[in-house]
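Hello,

Here is the structure I said I would pass on. My notes follow below it.

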Amino acid sequence: MTAKSVMVLGTTSNAGKSWLTTALCRHYARQGLKVAPYKSQNMSNNARVVAGGEIGSAQYFQALAARAVPDVRMNPLLLKPEKDTQSQVVLMGQVNVELSRMQWRGRSASVWPVVAQALDELMAENDVVVIEGAGSPAEINLKSSDIVNMRVAQHARAACLLVTDIDRGGAFAHLYGTWAMLDEAERSLIKGFVLNKFRGDANLLAPGPQMLEDLTGVPTIATLPMWWQHGLPEEDGMFDDRSTAAGKVTKTVAVIAYPRISNLDEFQPLKNVPGVRLKWVRSPSELAGLAAADWIILPGSKATSADLAWLRAQGLDQAIAAHAGRGGAVLGICGGLQMLGEALIDPNSIDGNGPGLGLLPVVTVFDEAKTVRHRQAAFAGLHGPWASLSDVGMKGYEIHHGQTAPHPAMVAAGDAARPVMPEGLAWQNAGGNVLGLYLHGLFEDPHVLQALFGASTPTLDSVFDGLADYVEKHFEPGVLASLITGRR
């Protein structure tokens, strides 16, 4: 191993590990260093297509921030939750059925050689590897089978930062308790504490940081103010209600947030389009509260049939049908497209059978083979509320088991879905207000944003530079350099 490694650990999930890792990737890349991100195991239904398969979206963005080509080694193990007690296991970019059926602790022992090799290779090829932990390193019930926190830190000899969400309260106790539960050898790797999401007068923190350092020997090296609109997509389950961009609201977009929603990060650009209000909806009452909702979007899902059953149990199926019946615009993406059809057919026990919402005259059959690929395609002529997308090309990606085609009996009866992209990638109903699309990334394409809104949003590159500027401003002088040189 030749690279220096910096690792971001957290006292809890959602403490700020992912965005801080992303910021550090860009910071070190701006120093002229060759940088790669790494997270041995990520549990997320947000995934991106890279050479060799798929990785968690967070590591994909971190790679772009590092000015590196995203690589399956950057997230060698991806767990995609399908139920509370079941996940699809993706190892080195590919679904591994045997590991998916294996008990968790046995799985960890099996995959450690693979994830360690991926890290070793990245360390050999780069100047700096910025590593993200998962959850908390103090989850002592999981310590014996750890492959993502302190075992990785020790393997990489990483300089570790421990970040906590001070907005939740109890930050000093979280930091001290986490530190106290580590072994002495593990504690020696902790080089600094980071207070994240702080609101108020930083002078009021005293004497807390000094008392904490007296107890642990670890300094607090940064207090990061709350920053709501940094522009980086949120991780799983983080629905930011501060989702109205500048200017008078001219369009309200409601996204149905079912339990196994996937690839929610692709809606981040909508938060930055002037005049657009983005709302996450989980009940008919929330949808009714948006009487002026212009669009309803059914996003991707890791468990289409189960999420469709949940949607019906909430009564959202009737609300969506009523909106469509009034001519309201409805968009289904990937799993959302499958839900809009007449039926879900699962001969291979991949996802489950069930009736669809009946808003598009198509049928989806789940195939054992998983489609994972980048695609570039153009819309044909569309009509209705989606007409501005006519002849617009876009770049996106596919991640799905389902294959969708027109319903034969409905075609015979004269009710056929209009294919509006090649190879079954998109379908539109006869009325024109319902559109289904297999390609993820619609709102990330600048041509689409210009066609739909006549607007552009900040580029990802500018977002990454903003994150790096932020940490460079708020970290103690010399700290970021010392993490890779060992000198202050």
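In this predicted model, α1 and α2 pack at an angle of about 20 degrees. Angles under 35 degrees count as roughly parallel, so α1 and α2 are roughly parallel to each other. Their axes are 8 Å apart, and the crossing of α1 and α2 is right-handed. On the α1 side, the residues that meet α2 are Ser18, Thr21, Thr22, Cys25, Arg26 and Ala29. Their counterparts in α2 are Ala58, Phe61, Gln62, Leu64 and Ala65.

Both helices turn up again at α15, where α1 (17-29) and α2 (57-65) are among the elements that cover its buried residues. The cover also includes β12 (220-225) and α16 (479-485). α15 itself runs over residues 460-474. From first C-alpha to last, its 15 residues reach 21 Å, close to the 21 Å expected at 1.5 Å a residue. The buried residues of α15 are Val463, Phe464, Leu467, Ala468, Tyr470 and Val471. These cover an arc of only 155 degrees around the axis, which puts them on the same side of α15.

A separate item is Trp386, in the loop between β21 (362-378) and β22 (393-406). Is Trp386 buried or exposed? Its relative accessibility is 0%; under 20% means buried, so Trp386 counts as buried. Leaving out residues up to four places away in sequence, Trp386 touches Trp295, Ala329, Val330, Leu331, Gln428, Gly432, Asn433, Val434, Leu435 and Leu452. The C-alpha atoms of Trp386 and Phe453 are separated by 11 Å, with the two residues 67 apart along the chain.

Regards

Key. Residues are numbered from 1 along each chain as its sequence is written. This is a predicted model: local features need pLDDT of at least 70, side-chain atom pairs count only at pLDDT 80 or more; totals for chains, interfaces and linings use all residues. Side-chain values use heavy atoms; hydrogens and water are left out. Helices (H or I, at least four residues) and strands (E, at least two) are DSSP runs, numbered from the N terminus. The expected span of a helix is 1.5 Å times one less than its number of residues. Buried means under 20% relative accessible area, exposed over 50%, partly exposed in between (1.4 Å probe, protein chains only). The arc is that of the directions from the helix axis to the C-beta atoms. Contact means heavy atoms within 4.5 Å. Axes are lines fitted to C-alpha atoms, for helices over the stretch in contact, and angles run from 0 to 180 degrees between N-to-C directions. Angles under 35 degrees count as roughly parallel, over 145 as roughly antiparallel, 65 to 115 as roughly perpendicular and the rest as oblique. A crossing is left-handed if the near helix is turned anticlockwise from the far one by less than a right angle, and right-handed if clockwise.
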